[in-house]
Amino acid sequence: RGEDFTYYGPKLLMVHVLFNLLKNALQSTQAAGKGNVMISTCADDSGDTVVVRDTGLGIRPERIRNIFEQFSTSKAPDQGTGIGLSFCRIVMESIGGQIECRSRYGEYTDFILAFPGKENEK
């Protein structure tokens with residue numbers, strides 16, 4: 001169960017961030033032939049978060065550290081360019097937030113979008 005919060009940043013950029021994360025999650029569950037995609041939110045004194053989770057393929061541990069680098073991809077050339085997650089990182093950092101990935105290969109992947117508190121927003 002999530003909690004609502006108000007986002008004051010550039011809406012179009014956030015739409016593209018969420019679209020990219022959802023597209024990746026759907027591709028992961030399709031490739032695995034199993035899984036779900038869930039979106040949850042949390043609002044508290046330390047800030048607001050959105051978590052996009054899929055229970056598809058997961059990400060291999062050796063790939064995690066590079067996934068936000070431009071042109072880093074494990075997908076076939078016709079499936080992705082490796083710029084989506086780097087774009088997500090750039091957008092989140094530009095608003096004073098962060099993006100993080102946690103994954104267990106074969107089980108799940110979480111992308112956590114951490115938004116700054118109102119007093120820290122740019």
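Asn20 is in contact (heavy atoms within 4.5 Å) with Gly84, Leu85 and Cys88, when residues up to four places away in sequence are not counted. The model is predicted: local features need pLDDT of at least 70, side-chain atom pairs count only at pLDDT 80 or more, and totals for chains, interfaces and linings use all residues. Residues are numbered from 1 along each chain as its sequence is written, and side-chain values use heavy atoms, with hydrogens and water left out.

Asn20 belongs to helix α1 and is buried, with a relative accessible area of 9%; buried denotes under 20% relative accessible area, exposed over 50%, and partly exposed the range in between (1.4 Å probe, protein chains only). Gly84, Leu85 and Cys88 are among the buried residues of α3, which also include Ser86, Val91 and Met92. Cover for the buried residues of α3 includes α1, β3 and β4. After α3 comes Gly96, with a positive phi near 85°.

The protein chain contains three helices and four strands, in the order α-β-β-α-α-β-β from the N terminus. Helices (H or I, at least four residues) and strands (E, at least two) are DSSP runs, numbered from the N terminus. Of the 122 residues in the protein chain, 34% are buried. Among contacts between residues at least 6 apart in sequence, 60% join residues at least 24 apart. The accessible surface of the protein chain is about 7,700 Å², and 52% of this surface belongs to carbon and sulfur atoms; accessible areas come from the Shrake-Rupley method with a 1.4 Å probe, and for residues only the protein chains shown count as cover.

Helix α1 comprises 22 residues and spans 32 Å from its first C-alpha to its last, close to the expected 32 Å at 1.5 Å a residue; the expected span is 1.5 Å times one less than the number of residues. Its buried residues are Met14, Val17, Asn20, Leu21, Asn24, Ala25, Ser28 and Thr29. These residues lie on the same side of α1, because they cover an arc of only 160° around the axis, the arc being that of the directions from the helix axis to the C-beta atoms. The face turned away from this buried side carries the exposed residues Lys11, Leu12, Val15, Phe19, Leu26, Gln30 and Ala31. Cover for the buried residues of α1 includes β1 (37-44), β2, α3, β3 and β4. Gly33, which follows α1, has a positive phi near 70°.

The largest nonpolar core has 20 residues, and those with the most contacts inside it are Met14, Leu21, Ile99, Phe111, Leu113 and Phe115. Such a core is a set of buried Ala, Val, Leu, Ile, Met, Phe, Trp, Tyr and Cys residues joined through side-chain atoms within 4.5 Å. Two or more residues of this core are given by each of α1 (11-32), β2 (47-54), α3 (84-94), β3 (98-104) and β4 (108-115). Beyond four places in sequence, Phe115 touches Phe5, Tyr7, Met14, Gly47, Asp48, Thr49, Val50, Met92 and Ile95.

Asp54 lies in strand β2 and is buried, with a relative accessible area of 5%. Leaving aside neighbours within four places in sequence, Asp54 is in contact with Ala25, Ser28, Thr29, Asn36, Val37, Glu107, Tyr108 and Thr109. Its side chain makes a polar contact with the side chain of Ser28 (3.1 Å); a polar contact is a pair of N or O atoms within 3.5 Å, of which, within protein, one must be able to donate a hydrogen and the other to accept it, and residues adjacent in sequence count only if both atoms are side-chain atoms.
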